[in-house]
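Hi everyone, thanks for coming. I'd like to walk you through one chain today, and in particular how its parts sit against each other. Have a look at it first.

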Amino acid sequence: MKKEKPKYRQIIDAAIIVIAENGYHQSQVSKIAKQAGVADGTIYLYFKNKEDILISVFDEKMEMFADRLKEIIEEPITASEKLFKMVENHFTVLSADRHLATVTQLELRQSNLALRLRINAVLKNYLVLLDTILKDGIANGEFDKDMDIRLARQMVFGTIDETTTTWVMNEYKYDLVALSPKVHQLLFNAIKAE
């Protein structure tokens, strides 16, 4: 499988840096190849085009978020604690990789409709896992039994996403991870059982 080859990983990592530093539209395949230390033609052994690289970057990184969220869901803790760990993990991963944060929060949003639809398909798995936490919280009486799961999902992910975007737009000037308890408290207060 191509994904398991070292050059694939080199290209993905290089693409994150190049796109973060130059913007998606100014990131030629040749720049990505140079950053990865491979020939331009090598890129096309792994990816169809620049759009395919961007989708692959998002797919790879969302898989990492989803894998960690699956681990959190399996932990013998409350749904509220799982929600906190989800928020904290999201912020921790992105604060540790500012290039990735820039790509996910800014560059992916400037893509065309077809690309955004492909990105949304990748994001769906992560959101399904969030639904699992919300449903678990309803089932065990922690979360409001009458809450609309779809709206709650949008609120939770939207809050995490917008908090991260604001941090990126403010040039990483504060500790994103330190906001985890406050963000969790706001979210929990909105969905907790009466």
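Helices here are DSSP runs of H or I with at least four residues, strands are runs of E with at least two, and both are numbered from the N terminus. UniProt, in an unreviewed entry, gives residues 5-65 the feature "domain: HTH tetR-type"; such annotations may be inferred rather than shown by experiment.

A quick word on the model: it is predicted, so local features need pLDDT of at least 70 and side-chain atom pairs count only at pLDDT 80 or more, while totals for chains, interfaces and linings use all residues. Residues are numbered from 1 along each chain as its sequence is written, and side-chain values use heavy atoms, with hydrogens and water left out.

Now the division. Domain 1 covers 1-47 and domain 2 covers 51-191, with bounds from an automatic or database domain assignment. Taken over C-alpha atoms, their centres are 26 Å apart.

How many residues of each domain are in contact with the other? On the domain 1 side there are 18, and they touch 18 residues of domain 2, where contact means heavy atoms within 4.5 Å. About 1500 Å² is buried between the two, with carbon and sulfur atoms giving 68% of that. Buried area here is the accessible area (1.4 Å probe) lost when two parts are put together, summed over both. In domain 1, I16, Y24 and F47 lose the most area to domain 2, together 39% of what that side buries.

What about polar links? Five residue pairs are in polar contact between the domains, both residues at pLDDT 80 or more; that means N or O atoms within 3.5 Å, one able to donate a hydrogen and the other to accept it, with sequence neighbours counted only if both atoms are side-chain atoms. On the side of domain 1 that touches domain 2, α1 (6-22) and α3 (40-46) each give two or more residues, and α1 gives the most, with ten.

Finally, salt bridges (a side-chain nitrogen of Lys or Arg within 4 Å of a carboxyl oxygen of Asp or Glu). R9 and E60 form a salt bridge, N to O 2.9 Å. E60 lies in helix α4 (residues 50-74) and R9 in helix α1, so this pair ties together parts 51 residues apart in sequence.
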